[in-house]
Amino acid sequence: VFDLNIPLIVALGISGPVKYRLPAVFLIGFWADCLSVTSFGFYITLYGWFFMGIRGLRMFIQIRRQLTILLVIIAGVSLEYLSGILFVRNFSEMVQAEVLFWQLLWTIFIGPLLVVIAQYWNNQLQQLAEKMMPAN
């Protein structure tokens with residue numbers, strides 16, 4: 001199974017101001033660092049760069065279409081897998097194509113669903129915040 005946080009980082013990077021989304025990305029990275037056996041800060045750094053890359057990519061292409069979202073998620077999972085091999089594991093380890101294939105296959109089926117769920121909850125939370133905040 002692939003990293004389920006990547007679609008969440010994509011959903012956070014697609015919409016909303018950076019000042020509200022970046023702390024969430026940091027907390028997700030901190031949580032992943034605490035649960036993993038990698039060196040501390042790996043996921044904070046990885047998710048931070050991925051988030052900022054998505055924000056920068058928004059200037060050049062429209063990321064609201066499902067196919068584009070899927071391609072961004074696939075790229076994120078691939079980059080995470082390859083960076084894990086390059087920076088965490090030994091350089092002598094061979095890249096396991098079968099593992100990457102299954103991760104990308106799961107990404108194709110589950111990734112867009114997770115982005116839709118994250119966007120739904122984001123809209124629900126924004127509506128709740130608008131109801132709680134008095135209009136000036």
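## Ground rules

Helix axes here are lines fitted to C-alpha atoms over the stretch in contact, and angles run from 0 to 180 degrees between N-to-C directions. This is a predicted model, with local features needing pLDDT of at least 70 and side-chain atom pairs pLDDT 80 or more, while totals for chains, interfaces and linings use all residues. Residues are numbered from 1 along each chain as its sequence is written, and side-chain values use heavy atoms, leaving out hydrogens and water.

## How H2 packs on H3

Take H2 (18-35) and H3 (42-57), both DSSP runs (H or I, at least four residues). Their axes come within 7 Å and cross at roughly 150 degrees, which means H2 is roughly antiparallel to H3 (over 145 degrees). The crossing is right-handed, that is, the near helix is turned clockwise from the far one by less than a right angle.

By class, this contact (heavy atoms within 4.5 Å) has 12 nonpolar, two polar and three charged residues. Among them are Phe26, Gly29 and Phe30 from H2, and Tyr47, Gly48 and Phe51 from H3.

## Zooming in on Ile44

Ile44 sits in helix H3. Its C-alpha lies 4.0 Å from that of Gly29, 15 residues away along the chain. Skipping neighbours within four places in sequence, Ile44 touches Phe26, Gly29, Phe30 and Asp33.

## The core

The largest nonpolar core has 28 residues; such a core joins buried Ala, Val, Leu, Ile, Met, Phe, Trp, Tyr and Cys through side-chain atoms within 4.5 Å, buried being under 20% relative accessible area with a 1.4 Å probe, protein chains only. Ile9, Val10, Tyr47, Phe50, Ile69 and Ile73 have the most contacts inside it. Helices H1, H2, H3, H4 and H5 each give two or more residues to this core.

Beyond neighbours within four places in sequence, Ile69 contacts Val10, Ile14, Ile63, Arg64, Val115 and Gln119.

Methods:
Buried means under 20% relative accessible area, exposed over 50%, partly exposed in between (1.4 Å probe, protein chains only). Angles under 35 degrees count as roughly parallel, over 145 as roughly antiparallel, 65 to 115 as roughly perpendicular and the rest as oblique. Ala, Val, Leu, Ile, Met, Phe, Trp, Tyr, Cys and Pro count as nonpolar, Asp, Glu, Lys and Arg as charged, and the others, Gly among them, as polar.
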